[in-house]
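Hello,

Here is the structure I promised to pass on to you. Have a look at it first, and then read on for what turned up.

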Amino acid sequence: MEWIYEPWPWYVSGPMIALIMFLLLMVGKNFGMSSNLRTLCTICGAGNTADFFKFDWKAQRWNLVVVLGAVIGGFIGDQFLSMDTAVAINPETVSDLKSLGFESAGTAYMPFELFDISAFTDVKSLAVLTIGGLLVGFGTRYAGGCTSGHAISGLSDLQLPSLIAVIGFFIGGLTMIHFIYPLIF
Amino acid sequence: MRTVSYLIIGILFGITMFKSEAASWFRIYEMFKFESFHMYGIIGSALVLGIIVVQAIKLLPIKSFYGEKINFSPKAKSFSRYMFGGIIFGLGWALAGACPGPMFTLVGAGFAPILVVIVSSILGTFLYGLLRNKLPH
């Protein structure tokens, strides 16, 4: 049982994700996490402002339950299934991140600079988290899905739109890391 | 009963996201630097198995656990919305280091500032809803 406390290798994690997609199909649903963001907008009353949010959100309750499970799963993974959560990223990535000012690279699960409680009082950290979130929320709905909906579900169904979206994900991600990060950090 | 099954699937998903480190900001950064196979291995192996699963469901008489037909709805044809939307999502994915599934897992793992990402991603979705008719689709 020692292995469970170690980070799971890709050949365990990937098949687990395929299993999760399979289980959702077998209970008659589709794997796609970002549609919950739209449902949450509707619950908050966005239907009064834009027709896009006028839909029967109760039909999407099942997916909110999946989200609740994802929160609980994060708690279980962190509290009961891990000893040391430091992520062993490539030493080159570590030195690169240190030169950008991320001192916690290689010793933590998330960078302290952005995800420690002190980030709430740091204007730059708050700006990064806020702008990142805005882009994620806007982009995922514009593209009609995120990593789970397009990169896993859509590509598994050999859908061309999902391939275009995933190529877009990488154009955006590579642009951010290689051209914009050095300007911000 | 069905609700319990959604909850269990969600818990499995959350544990997988945390333990695979796919929820770690560092892994996302490393992926876009092409300095590790880890994330590509996760997505790639999920995809290979996913294709097999979906094609098997389509070709074989496999019904859902409740005996219903399993439907796959083709996505609307377009280039601009998937490309532009995809690029915007990618910029955010790399900047916040979190996508819409793992960001909820990180709440459970106790990283409170991820709530800022979640709230602003809901706002971002709302902004899309407001501007939808003005965007190329």
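Below are my notes, going from the whole model to a single residue.

Please keep in mind that this is a predicted model. It scores ipTM 0.96 and pTM 0.96. For chain B, the average pLDDT is 96, and 100% of the residues score at least 70.

Let me begin with the annotated spans. In chain A, an unreviewed UniProt entry gives "transmembrane region" for residues 12–28, 62–81 and 163–184. The model can be set beside two of these. Residues 12–28 of chain A are 88% helix and 0% strand, with 25 Å between the end C-alpha atoms. Residues 62–81 of chain A are 90% helix and 0% strand, and their end C-alpha atoms lie 26 Å apart.

Chain B also has such annotations: its unreviewed UniProt entry lists residues 38–61, 82–104 and 110–131 under "transmembrane region". In the model, residues 38–61 of chain B are 92% helix and 0% strand, and 35 Å lies between the end C-alpha atoms. For residues 110–131 of chain B, the figures are 82% helix, 0% strand and 34 Å from end to end, again between C-alpha atoms.

Next, the layout of chain A. It is divided into domain 1, residues 1–83, and domain 2, residues 116–185. The centres of these two domains of chain A, taken over C-alpha atoms, are 17 Å apart. Ten residues of domain 1 of chain A are in contact with ten residues of domain 2 of chain A. Between them, the two domains of chain A bury about 710 Å², and 70% of that is on carbon and sulfur atoms. Which three residues supply more than any others of the area that domain 1 of chain A buries against domain 2 of chain A? They are A:Met21, A:Phe31 and A:Ser34, which together supply 56% of that area.

You will find A:Ser34 in the loop between α1 (10–26) and α2 (35–43) of chain A. Is A:Ser34 buried or exposed? A:Ser34 counts as buried because its relative accessibility is 3%, and the cut-off for buried is under 20%. The side chain of A:Ser34 makes a polar contact of 3.1 Å with the side chain of A:Thr140. Leaving aside residues up to four places away in sequence, A:Ser34 touches A:Thr140, A:Arg141, A:Gly145 and A:Cys146, as well as B:Pro100 in chain B.

Enjoy exploring it, and write back with any questions.

Best wishes

Key. Residues numbered from 1 in each chain as written. Chains lettered and ligands numbered in written order. Predicted model: local features only at pLDDT ≥ 70, side-chain atom pairs only at ≥ 80, totals over all residues. Heavy atoms only, no water. UniProt positions renumbered as here; feature names shortened; annotations may be inferred. Helix = DSSP H or I, 4+ residues; strand = E, 2+ residues; numbered from the N terminus. Buried < 20%, exposed > 50% of the residue type's maximum accessible area, 1.4 Å probe, protein only. Polar contact = N/O pair within 3.5 Å; in protein donor to acceptor, adjacent residues only side chain to side chain. Contact = heavy atoms within 4.5 Å. pLDDT = per-residue confidence, 0-100. Domains from an automatic or database assignment. Buried area = accessible area lost by both parts, 1.4 Å probe.
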